[in-house]
Amino acid sequence: MSAATTRSRTPDRLCAEAVDLARGAAEEAAAPGIVGEHVGLVSEGDRVVTHFFECRELGYRGWRWAVTVARASRAKIVTVDEAVLLPGPDAVLAPEWVPWSERLRPGDMGPGDLLPTDAEDLRLEPGWTGEDEPPPNSVVSDEMAALAEAEDAEVTAGPQAVPARGSIAAVAEELGVRRARVLSRYGLHIAADRWEEAFGPKTPMAQAAPAACVSCGFLVRIGGSLGQAFGVCANEFSPADGRVVSLAYGCGGHSEAAVMPKPPQPAPPVIDETRVDPFPLRPASDSGSVPVAADEDTEELGHS
């Protein structure tokens with residue numbers, strides 16, 4: 001360790017004693033009553049010392065006034081270099097500034113908002129550009145396209161806003177790949193990671209599920225390479241309804257997890273049509289509803 005390094009760690013005596021000089025410089029930079037108690041000093045180098053004073057300004061809790069003083073070699077007069085307000089170890093600081101592109105979160109966009117996409121966005125790569133021309137003997141060459149147009153002349157008469165039939169543009173549009181940019185391999189990976197984190201096999205819901213979505217009747221398959229690992233949930237009672245879910249995800253709304261048994265159906269009534277039950281039109285005389293002996297009162301009224 002050099003002698004200069006040893007001297008720089010030891011505060012200069014005259015500079016360390018210049019507390020009043022440093023306080024006066026701090027009060028001149030701030031205002032009377034704002035500068036508080038002397039809270040320490042630190043050696044900045046040979047004959048250079050910084051004094052710290054408490055800041056009593058509202059809204060600057062934990063900040064300190066830092067006044068640096070120094071003296072020339074073999075000089076006994078201490079002078080002020082600078083006085084600034086610096087945050088202390090416990091200072092309340094504003095959060096670090098983050099660009100808007102990094103502050104944006106899912107759900108922040110509203111109606112009418114536009115989200116510009118970087119021209120060099122790693123999530124995207126160039127799609128079909130139409131620059132490649134087919135070979136002369138190709139089935140989609142200019143001659144074949146003209147022949148196809150001639151066959152459909154009556155149907156497609158007039159100016160057309162769609163690509164010519166048989167052209168690469170028409171085939172690309174039919175396949176859904178006629179886009180300026182498509183997802184790159186990196187874009188596919190980060191989308192898959194995001195969906196796995198939200199509705200994947202490691203979520204608490206999937207851990208407690210009786211079965212995975214791959215065997216659920218409410219799963220709607222999607223196309224493309226992501227369709228090999230993801231689908232869309234179509235169960236309105238599931239927490240993932242309308243969301244892209246991993247095939248290894250699951251919930252209690254699985255279609256085959258708890259199938260309710262069919263309610264019992266009563267047997268149809270059996271009618272015996274081979275047996276005849278006699279039913280008298282008049283009651284029997286000994287049934288009790290008609291007296292056996294004739295009633296005199298009823299005979300007078302013409303009743304039998």
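Two strands count as paired if DSSP finds at least two bridges between them. Strands themselves are DSSP runs (E, at least two residues), and helices are too (H or I, at least four residues), numbered from the N terminus. This is a predicted model, in which local features need pLDDT of at least 70, side-chain atom pairs count only at pLDDT 80 or more, and totals for chains, interfaces and linings use all residues. Residues are numbered from 1 along each chain as its sequence is written, and side-chain values use heavy atoms, without hydrogens and water.

Start with strand 3 (residues 63-70). Strand 3 pairs with strand 4 in the antiparallel sense, over eight bridges. Within this pair, A66 has V84 of strand 4 as its bridge partner. Both strands belong to an open sheet of four strands, ordered 1-2-3-4 with antiparallel pairing. Strand 1 (35-45) and strand 4 (79-87) stand at the edges with a single partner strand each, so one side of each has no neighbour in the sheet.

Now look at the packing. A nonpolar core is a set of buried Ala, Val, Leu, Ile, Met, Phe, Trp, Tyr and Cys residues joined through side-chain atoms within 4.5 Å. Buried means under 20% relative accessible area (1.4 Å probe, protein chains only). The largest such core has 16 residues, and F53, W65, V67 and V69 have the most contacts inside it. Strand 3 gives the largest share, four residues.

Move on to strand 8 (residues 230-233). Strand 8 runs antiparallel to strand 7 (residues 219-221), joined by three bridges. Here R221 has G231 as its bridge partner. Three bridges also join strand 8 to strand 9 (residues 244-246), again antiparallel. F230 stands opposite S246 of strand 9.

Conventions:
Buried < 20%, exposed > 50% of the residue type's maximum accessible area, 1.4 Å probe, protein only.
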